[in-house]
Amino acid sequence: MSVTATCRDINELHSVAQTACKLFLEECKKAGLDIFITETYRSQARQDYLYAQGRTRPGPIVTWTLKSNHKSRLAWDIACNKPSLYDAATLKKAGLIAMNLGIGWGGVWKNPDMPHFEVTANWKAPIIKEDEEEMAVIEAKFKAIEQKDLTEGQQNMLKRLAEIGAIAADYKPSQIDLVWMSGIDSAFKNTGFYDFAKNNK
């Protein structure tokens, strides 16, 4: 591809960035923002070409670095259909949406790049707070569980942990606590857990 050609294909991004970018666009659409992608993947040759602009080649400066995340397929740029191509208010709203999704926004950099967005390779989609039904399910799952709701095996497990001082006697575990406790308990063959813990506390 020529250094003057711009890649706007989301499919050219890293798989994680593809997911992030699509989620970002969906949330922007929900917020009524009329935006579009202007660039995704960028080769080193194109990055060098753009960096030269305003320095050794005529035109305004358009990038501040030779090491953009566009090269790593982890970044994308946007513009606005209206009211203007780089409307500051629209880009700020898009930036806030991005940050709420754990996506990096160039608008908060020392040298601001408001149309620029990027993620790391280990980015994971967060739970959208507006999805109240899903949040309710998750909150219920991690809510403290009453002792009477535990199985006999779970009660014995908590009793052993209380006896060695690992937890308080009146400790109320969450569902996630029970998951990892059960894992530990199973790893030490259940009845052997107490002796192991007692000897290694």
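A network of salt bridges links E39, R42, R46 and D77, a salt bridge being a side-chain nitrogen of Lys or Arg within 4 Å of a carboxyl oxygen of Asp or Glu. The model is predicted, so that local features need pLDDT of at least 70 and side-chain atom pairs count only at pLDDT 80 or more, whereas totals for chains, interfaces and linings use all residues. Residues are numbered from 1 along each chain as its sequence is written, and side-chain values use heavy atoms, with hydrogens and water left out.

E39 is buried, at 6% relative accessibility, where buried means under 20% relative accessible area, exposed over 50% and partly exposed in between, as computed with a 1.4 Å probe and protein chains only. R42 is likewise buried, with a relative accessible area of 6%, and R46 counts as buried at 9%. Side chains of opposite charge can pair when their charged atoms come close.

By the same rule the structure holds 5 salt bridges, including one between the side chains of E27 and K30, at 3.1 Å from N to O. E27 counts as buried at 12% relative accessibility, whereas K30 counts as exposed at 64%.

The largest nonpolar core comprises 26 residues, of which F24, W76, I78, I103, F117 and V119 touch the most other members. Such a core is a set of buried Ala, Val, Leu, Ile, Met, Phe, Trp, Tyr and Cys residues joined through side-chain atoms within 4.5 Å. Two or more residues are given to this core by each of α1 (15-30), β1 (35-39), β2 (75-80) and α3, and α1 gives the most, with 7 residues. When neighbours within four places in sequence are left aside, I78 is in contact (heavy atoms within 4.5 Å) with F24, I35, F36, I37, T38, Y86, L91, A94, P115 and F117. A second, separate core of 7 residues includes I145, L158, L161 and I167.

The structure holds 0 disulfides, a disulfide being a pair of cysteine sulfur atoms within 2.5 Å. For C80, the closest cysteine sulfur is that of C28, at 9.5 Å, which is too far for a bond. C80 is buried at 2% relative accessibility, and C7 also counts as buried, at 7%.

On the surface, L96, M99, V108 and W109 form a nonpolar patch with about 380 Å² of accessible area together. Patches are made of residues with over 30% relative accessible area and no salt bridge, with like charges joined within 9 Å and nonpolar side chains (Val, Leu, Ile, Met, Phe, Trp, Tyr) within 5 Å; accessible areas come from the Shrake-Rupley method with a 1.4 Å probe, and for residues only the protein chains shown count as cover. M99 lies in helix α3 (residues 88-100) and is partly exposed, with a relative accessible area of 36%.

Definitions and conventions
Helices (H or I, at least four residues) and strands (E, at least two) are DSSP runs, numbered from the N terminus.
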